[in-house]
Amino acid sequence: MMKKTISFLFVLLTSLAAVAVAAALFAIVFFIFSESIRAIREVGFGLFSPNWYPVWETEPEFGIGTMLLNSLILAVWTSVWVWILGLGVAIYLHRYASNRERELMLRILEYASGIPSVVLGLFGVLILGNLFLRLGAWSAQNFLNASIVLSILTLPFMVSLTFQSLEKVPRQLVEGAISLGAKDFAVIQVELKHAAPGIVNAMLSVFNRIFGETMIVLMVAGGANMLVGSFLDPVRPLTATLGSEIGEVAAGSLHYSVLFFIAFLVLSGCLILNVLTNRITRRLERWIKG
Amino acid sequence: MSEVVFEIKDLYAFYDDHCALQNVNLKIREKRVTAIMGPSGCGKSTLLRCLNRLNDLIPGFSLKGQILFRGQDIYRIRDLTEYRRRVTMVFQKPNPFPMSIFDNVAYGLRIHGITKKSILREKVEHALRMAALWDEVKEKLKKPAVQLSGGQQQRLCIARALALEPDVLLLDEPTSALDPIATMKIERLLEELAQQYTVVIVTHSMGQALRISDEVVFLYEGRLIEYGETSSIAKTPRHEVTKQFLTGKIG
């Protein structure tokens, strides 16, 4: 009797927790969307125009087009080279590194992944920023600075997830490949195919993380609302605007509502990407699990 | 007597300090089925894997003695890729690659430099026919190989090995993970293949060895204790351990 009650309570509590999480997610989306309705109604397609002058008294402009593009360019550019570099490092650790090298690298990556983004931002401002000035850049905080710091943030994540997926490849597949005469490249091909769901998951998570990251871009991207034309241009991604202005704005104003629209955009971007990740991963798993 | 394909001389194999094979001397002949038998842990798989040099991958593995493949010491071979094309291997558990059925069979061919589509298609079909799998998969060559049944997967792995037009086919308990019907199909297939290939098969089952092998090798605790014609050994085993194995007292 006692046992039954306890197990019932346990089931009840865990399902309540699950429901609470789902409810919280819906509540967040709903709240953010409802706060941004005013912006959609009053500014409409003007939201995607390039100019952002939210506090201009006579004719404020609420165009987030430039920021959106900057966010996307920064996220795509940074992701691509984090992907390539991360894949390379993971393959090296998995196949070629000695045990000592591997352990050392994994330890370093573990510590690196624990560095708070604000500390990385500080590194970008003080060290990279000064370096950029010394090298003749016209702005210490710029696109490249943000890209470098964001890749330091996400590279450990990419490497360790990819490495783990590669380590999970069954030995018998590798032996099967080698027994047919496969050398490095052909063996890695088999391993990558088996690890593909995990790797794709890592890649999209990296993109998501970069697209949504706020503190770093706030500190080192430069904050200028201009479309990035060179690596050394200061830029302002969506999240930086949200992070810097939400604390200053009058609650309930149009400006406030537009900031919520930005939040809604970033959130839905991340959610859509998550759904997409699941889809792709599941499709890739069919090649592995039958 | 047919030609000797493998000549194994004074072979010792070690995993770190553990001695897995001791003083094994053996000749494996062309176009015959040689079964390697013995209880678990006797060194059967180690011996088979030595023939493909797959043990090279295992840290701590070392080897003494000689294995000659058609007169050449296999541990002095430089071009392992070509050697492994001639001596291919099928494993205990079916291990299809995470690719389509077609790409699985074409994988080995591509490694060996065949990339022309028409030739690939021809060779893949030929290999699948030899493995008695073509009729079952010809409609779904682009489907994932892992969607096949266990027995089909194992025949696919055999096709993958045969596609390379090897000289020797090594099989490590290829039916131990399969049901009786799939096992029967594979045994029938092996009997046919034995007319063209030299087959070396590790097996746990005396019945299987009797059904398909021409020669049998008994290993016990890393030592070769008996080898010769399957039929004569089955009738009159010379060694006490073989007798016990045949009567099912050990195994």
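This report walks through a predicted model, from the fold of chain A to the strands and helices of chain B.

Residues are numbered from 1 along each chain as its sequence is written, and chains are lettered from A, with ligands numbered from 1, in the order in which they are written. Because the model is predicted, local features need pLDDT of at least 70 and side-chain atom pairs count only at pLDDT 80 or more, while totals for chains, interfaces and linings use all residues.

## Chain A

Chain A has 10 helices and two strands. Helices (H or I, at least four residues) and strands (E, at least two) are DSSP runs, numbered from the N terminus. Along the sequence the pattern is α-β-β-α-α-α-α-α-α-α-α-α. The C-alpha trace spans about 75 × 70 × 35 Å along its principal axes.

Of the 290 residues in chain A, 37% are buried. A residue is buried if 20 or more other C-beta atoms lie within 10 Å of its own, exposed if 12 or fewer, and partly exposed in between; the C-beta atoms are placed from the backbone. Two residues are in contact if their C-beta atoms, placed from the backbone, lie within 7 Å. Among contacts in chain A with a separation of 6 or more, 71% join residues 24 or more positions apart.

## Helix pairs in chain A

Two packed helices are described by the angle between their axes and the distance between the axes. Axes here are lines fitted to C-alpha atoms, for helices over the stretch in contact, and angles run from 0 to 180 degrees between N-to-C directions.

| Helix pair | Axes come within | Crossing angle |
|---|---|---|
| α6(A) and α7(A) | 9 Å | roughly 150° |
| α7(A) and α10(A) | 8 Å | roughly 175° |

Angles under 35 degrees count as roughly parallel, over 145 as roughly antiparallel, 65 to 115 as roughly perpendicular and the rest as oblique. The helices α6(A) and α7(A) are therefore roughly antiparallel. So are α7(A) and α10(A).

The contact of α7(A) with α10(A) holds 14 nonpolar, seven polar and two charged residues. Ala, Val, Leu, Ile, Met, Phe, Trp, Tyr, Cys and Pro count as nonpolar, Asp, Glu, Lys and Arg as charged, and the others, Gly among them, as polar.

The crossing of α6(A) and α7(A) is right-handed. A crossing is right-handed if the near helix is turned clockwise from the far one by less than a right angle, and left-handed if anticlockwise. On α6(A), L173(A), V174(A), A177(A) and I178(A) make the contact; α7(A) brings A186(A), V187(A), V190(A), E191(A) and H194(A). These residues divide into seven nonpolar, one polar and one charged.

## Where the chains meet

In all, 19 residues of chain A are in contact with 23 residues of chain B. On the chain A side, α6 (171-179), α7 (184-212) and α10 (254-289) each give two or more residues. The largest share, six residues, comes from α6(A). By class, this side of chain A has eight nonpolar, six polar and five charged residues.

## Strands of chain B

Two strands pair if DSSP finds at least two bridges between them. Strand β1 (residues 4-15) of chain B runs antiparallel to β2 (residues 18-29), joined by eight bridges. Y15(B) stands opposite H18(B) in β2(B). The two strands form a hairpin with two residues between them, and D16(B) in the turn has a positive phi of about 50°.

β1(B) also pairs with β4 (residues 61-69) of chain B, in the antiparallel sense, over eight bridges. A13(B) has L63(B) as its bridge partner in β4(B), and K9(B) stands opposite Q66(B).

Next, two bridges join β4(B) to the antiparallel strand β5 (residues 72-73). L68(B) stands opposite D73(B) in β5(B). This hairpin has two residues between its strands, and R70(B) takes a positive phi near 45°.

## A covered helix and an exposed glycine

Is helix α3 (residues 101-111) of chain B mostly covered or exposed? It is mostly covered, with nine of its 11 residues buried. Among them are I101(B), V105(B), Y107(B) and L109(B). The buried residues of α3(B) pack against α7 of chain A, together with α2 (80-86), α4 (117-130), α5 (134-137) and α6 (150-162) of chain B. After α3(B) comes G113(B), with a positive phi near 85°.

G248(B) lies in the segment after α10 (240-246) of chain B. It counts as exposed because it has 8 C-beta neighbours inside 10 Å. G248(B) and Y75(B) are 173 residues apart in sequence and 37 Å apart in space, C-alpha to C-alpha.
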